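Subject: The structure I promised you

Hi,

My notes on what turned up follow below.

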Amino acid sequence: MRALAHPTRIALLEALGLHGPLTATEAGRYVDESPSSCSYHLRILARHGFVEEAEGGVGRERPWRARDQGLAIGDPEDPETRVAASALADLFLDRYLARIQAAWSQRDRLPRTWRRATDFQQSVQWLTATEARSVNQEVFAIFQRYDDRRDPALRPKGAKPVEMLHFSYPVDPPQQ
């Protein structure tokens, strides 16, 4: 989690997810950092298994790619790790919410087909913890159907990156 607790590293992972594979120089253009800074942060991300070298480059021209698409922060057992996970989740939530607000405020600029595809929904369902976990897994499985499209050759014409966020949480405060 410490590897992710840096804004440049988060931005790099997002850039690689959207535009990757990228060299440190190319990534720097997306995250507004120098190539040497990006190279440093990419090596740290690689050391912790978040990115890996892609084929087709050497030295400074070697491209990097994200190993996984998406992020899930679990429920660590260790209290210290749980605090770190909570802080990291807050950082990501702030980024997500800012992007949601920016995207929604610019929705009118989209073609009608994309305006109709841009959505948010809210629902409250009465579920057990087991049922809620099952729903979360089903939603994630739907997202995973499109993981192969990280490869540009597998994207259908007209495909755009669409961020989909799924949150689930009990509405009532925890009871003591």
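Before we get to the helices, a word on how their packing is described: an axis is a line fitted to the C-alpha atoms, for helices over the stretch in contact, and the angle between two axes runs from 0 to 180 degrees between the N-to-C directions. Please also keep in mind that this is a predicted model.

First, the overall picture. The protein chain has six helices and two strands, and from the N terminus on the order of the elements is α-α-α-β-β-α-α-α. Its C-alpha atoms fill a box of roughly 55 × 45 × 30 Å along the principal axes. Out of 176 residues, 20% count as buried.

Now for that definition. Helix H1 covers residues 7–19, and it packs against H4 at an angle of about 50°, with the two axes 12 Å apart. The crossing of H1 past H4 is right-handed.

What else joins these two helices? A salt bridge: the side chains of Arg 99 and Glu 14 meet at 2.9 Å, N to O. Arg 99 belongs to helix H4 and Glu 14 to helix H1, so this pair ties together parts that are 85 residues apart in sequence. Glu 14 is partly exposed because its relative accessibility is 21%, and Arg 99 is partly exposed too, at 29%.

Arg 99 also has a salt bridge with Glu 163, at 2.5 Å, N to O. This pair links distant parts of the chain, since Glu 163 sits in the segment after helix H6 (129–144) and Arg 99 in helix H4, 64 residues apart. Glu 163 is partly exposed, with a relative accessible area of 43%. Which residues make up the network of salt bridges here? They are Glu 14, Arg 95, Arg 99 and Glu 163.

The count for the model comes to seven salt bridges. Another one of them is between the side chains of Arg 65 and Glu 55, at 3.4 Å, N to O. Arg 65 is in strand S2 (residues 64–66), while Glu 55 is in the loop between strand S1 (51–53) and S2, so here the parts tied together are ten residues apart in sequence. Is Glu 55 buried or exposed? It counts as exposed, because its relative accessibility is 62%. Arg 65, at 26%, counts as partly exposed.

With a relative accessible area of 32%, Leu 93 is partly exposed.

One last thing, about the backbone. Most residues other than glycine have a negative phi. Asp 32 has a positive phi of about 60°, although it is not a glycine. You can find Asp 32 in the loop between helix H2 (24–31) and helix H3 (35–47). Asp 32 is exposed, because its relative accessible area is 69%.

Cheers

How values were computed. Residues numbered from 1 in each chain as written. Predicted model: local features only at pLDDT ≥ 70, side-chain atom pairs only at ≥ 80, totals over all residues. Heavy atoms only, no water. Buried < 20%, exposed > 50% of the residue type's maximum accessible area, 1.4 Å probe, protein only. Helix = DSSP H or I, 4+ residues; strand = E, 2+ residues; numbered from the N terminus. Left-handed = near helix turned anticlockwise from the far one by under 90°. Salt bridge = Lys/Arg side-chain N within 4 Å of Asp/Glu carboxyl O.
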